[in-house]
Amino acid sequence: MSILEVRELDVRHGLLQAVRGVSMAIEAGETVALVGANGAGKSTLLRAIAGAPPSPTSGAIVFDGADVTRMRPHVRVRNGIAMVPEGRHLFPSLTVEENLLVAGRPGDWTVDRVVEAFPILRDRRRHRAATLSGGERQACAIGRALMSNPRLLLLDEVSLGLAPVAVEDVYRSLRSVIEAGTTVLLVEQDLTRALATAGRVMCMLEGRIVLEGRTGELTREQIADAYFGLHRNGSSARTRA
């Protein structure tokens, strides 16, 4: 059964239609990578699922069987949807532990478990967020989302702006989150990283999902063609008009 269904969703930024008739479904426990060029609508789609503005102009978002399209963001968090936005948005004057506790809700994810899953934070627990490196901030942002004990984790641009060693640290820890059974929808510019992490990939172009499939069934060439809007004759990729 799908934990998330998006049905014919449209989202506008003023006169710009950023998401155009998107329909998709994610099964519980699945990790799905959402890829596409800048401006393809990926972040807007994640924000719509999380309840951040702008609100959809039409369509529906169904989470665990309930229509949450008009539900306020904090209610969605209580219902099990958590998002790590691009840019991390930590509270700079608070310590790592305080940033984690801000989002704390009853469940399996605790401060100790987050620090265990993200060893990069072990020696930084009492340090203010303003003093953290980029990788440490990303780990703290993901940990803060996990503290709400979500059933669906939305991750926007995990590796953006991070040094390669920091990306490796964060993704190594993220694997333990995925193995724990958390459902993940991941926006990632690094195609190699996305394909190595997710079981399924969707590619957006100009607000639409134009390609989707299991990562082991799609070639990099097919994904690259969809990414840039190139459709070669004879391609076996599953595409959407």
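Reply: Happy to! Let's begin with Glu 30, which is buried, with a relative accessible area of 11%. Here buried means under 20% relative accessible area, exposed means over 50% and partly exposed lies in between, using a 1.4 Å probe and protein chains only. The model is a predicted one, in which local features need pLDDT of at least 70 and side-chain atom pairs count only at pLDDT 80 or more, while totals for chains, interfaces and linings use all residues. Residues are numbered from 1 along each chain as its sequence is written, and side-chain values use heavy atoms, leaving out hydrogens and water.

Glu 30 sits in the loop between strand 2 (16–27) and strand 3 (31–35). Strands (E, at least two residues) and helices (H or I, at least four) are DSSP runs, numbered from the N terminus. Leaving aside residues up to four places away in sequence, Glu 30 touches Thr 182, Thr 183, Val 184, Arg 200 and Arg 214; touching, or contact, means heavy atoms within 4.5 Å.

Now to another buried residue. Ala 145 belongs to helix 5 and has a relative accessible area of 7%, so it is buried. Its partners, again not counting residues up to four places away in sequence, are Ala 82, Met 83, Val 84, Pro 150 and Leu 153. The C-alpha atoms of Ala 145 and Val 102 are 9.9 Å apart, although 43 residues separate the two along the chain.

Helix 5 (residues 134–146) also has a neighbour, helix 6 (residues 164–179): their axes come within 9 Å and cross at roughly 20°. Axes are lines fitted to C-alpha atoms, for helices over the stretch in contact, and angles run from 0 to 180 degrees between N-to-C directions. From helix 5, Gly 135, Gln 138, Ala 139, Ile 142 and Leu 146 meet Ala 166, Val 170 and Val 177 of helix 6. By class, this contact has six nonpolar, two polar and no charged residues. Ala, Val, Leu, Ile, Met, Phe, Trp, Tyr, Cys and Pro count as nonpolar, Asp, Glu, Lys and Arg as charged, and the others, Gly among them, as polar.
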